[in-house]
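Me: I have a model open on my screen and would like to talk it through. Could you take my questions as they come?

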Amino acid sequence: MNLARESIELLEQVARILWFEGTKHGLRDREWMALRFLSRANRFSRTPSALASYVGTTRGTASFIIGELERLGYLERKRSATDKRSVMLSVTQQGKKFLVRDPVSVLVEAIAVLDDDAKVRFRDALRHVLDQSDAAEQRHHTDVCKRCIFLREDRTSPDSKTAEFSCRLFRAPIAEAEVDLLCTSFEHHRQ
């Protein structure tokens with residue numbers, strides 16, 4: 001059998017865990033996806049339009065998802081301090097506690113038992129597939145800041161262990177803890 005085709009068939013079966021009919025623990029699949037994403041998104045991506053982009057839906061549907069998560073107490077929206085027209089989304093403490101019931105935990109646990117090299121190879125293989133499909137479809141997927149072409153790292157000295165980071169796209173400083181967060185404006189280095 002063609003290994004590439006077999007891999008896609010396995011991914012389709014894994015996708016059934018991510019995309020499901022009805023609800024699990026009271027949330028639909030896209031609501032889980034939104035809560036999961038917003039718990040790991042950087043400050044530039046915790047907006048309704050970034051959420052719509054990540055979930056792959058319209059802004060109207062994203063607004064419905066946000067409203068439902070807000071109603072349940074898992075999410076709050078606040079006006080941006082810098083731009084009063086913008087809204088910032090944050091997962092509440094209740095939402096963070098609820099994430100332990102996430103239906104994808106079974107997948108996380110299955111990957112967690114792999115040795116570190118296998119986890120890295122698996123992650124990198126998935127990134128490669130996404131990078132290749134992005135190039136073919138002329139689009140960009142969401143990923144962490146530290147892999148993005150817009151991240152700028154300035155070391156105070158060549159042998160320094162500390163660095164200052166900034167995003168060239170948003171022209172804003174980034175805390176070191178933020179470089180591992182998800183960004184919907186991610187663009188990887190093209191080879």
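Me: Which residues are exposed on the other side of α4?
Reply: This is a predicted model, and in it Gly-60 and Arg-71 are exposed on the other side of α4.

Me: And which residues of α4 are buried?
Reply: The buried ones are Ala-62, Ile-65, Ile-66, Glu-68 and Leu-69.

Me: How far apart are the end C-alpha atoms of α4?
Reply: They are 18 Å apart, and this agrees with the 18 Å that its 13 residues should span at 1.5 Å a residue. After α4 comes Gly-73, which has a positive phi, near 85°.

Me: Switching to rings, how many aromatic pairs are there?
Reply: The structure holds four aromatic pairs. One of them is formed by Trp-32 and Phe-98, which are stacked, with 5.0 Å centre to centre and 10° between the planes. This pair links distant parts of the chain, since Trp-32 belongs to helix α2 (residues 29-40) and Phe-98 to helix α5 (residues 93-98), 66 residues apart.

Me: Why does the pair of Tyr-74 and Phe-98 count as stacked?
Reply: The planes of Tyr-74 and Phe-98 are at 15°, with the ring centres 4.4 Å apart, so the pair is stacked; the cut-off for that term is planes under 30 degrees apart. Tyr-74 sits in the loop between α4 (59-71) and β1 (75-79), while Phe-98 is in helix α5, so this pair ties together parts that are 24 residues apart in sequence. Tyr-74 is buried, as is Phe-98, and Trp-32, Tyr-74 and Phe-98 form one aromatic cluster.

Me: What lies over the face of Phe-20?
Reply: That is Lys-24, at 4.7 Å from the ring centre.

Me: Going back to helices, what caps the N-terminal end of α1?
Reply: Asn-2 does so, with a side-chain oxygen 2.8 Å from the backbone nitrogen of Ala-4. The helix itself, α1 (residues 3-18), has 16 residues and reaches 23 Å from its first C-alpha to its last, which is close to the 22 Å expected at 1.5 Å a residue.

Me: Now a histidine: where does His-141 lie?
Reply: His-141 lies in the loop that runs between α7 (116-137) and β3 (143-144), and with a relative accessible area of 8% His-141 is buried. If its neighbours within four places in sequence are left aside, His-141 is in contact with Leu-130, Asp-131, Asp-134 and Phe-186.

Me: Last one, is Glu-164 buried or exposed?
Reply: Glu-164 is exposed, with a relative accessible area of 55%, and it lies in strand β5 (residues 163-167). Not counting residues up to four places away in sequence, Glu-164 touches Arg-152, Glu-153 and Asp-154.

Me: How far is the C-alpha atom of Glu-164 from that of Leu-10?
Reply: The two C-alpha atoms are separated by 41 Å, and the residues are 154 apart along the chain.

How values were computed
Residues are numbered from 1 along each chain as its sequence is written. This is a predicted model: local features need pLDDT of at least 70, side-chain atom pairs count only at pLDDT 80 or more; totals for chains, interfaces and linings use all residues. Side-chain values use heavy atoms; hydrogens and water are left out. Rings of Phe, Tyr and Trp (its six-membered ring) pair if their centres lie within 6.5 Å; planes under 30 degrees apart count as stacked, over 60 as edge-to-face and the rest as tilted. Helices (H or I, at least four residues) and strands (E, at least two) are DSSP runs, numbered from the N terminus. Buried means under 20% relative accessible area, exposed over 50%, partly exposed in between (1.4 Å probe, protein chains only). A charge sits over a ring if NZ of Lys or CZ of Arg is within 6 Å of the ring centre and within 35 degrees of the ring normal. The expected span of a helix is 1.5 Å times one less than its number of residues. A polar contact is a pair of N or O atoms within 3.5 Å; within protein, one must be able to donate a hydrogen and the other to accept it, and residues adjacent in sequence count only if both atoms are side-chain atoms. Contact means heavy atoms within 4.5 Å.
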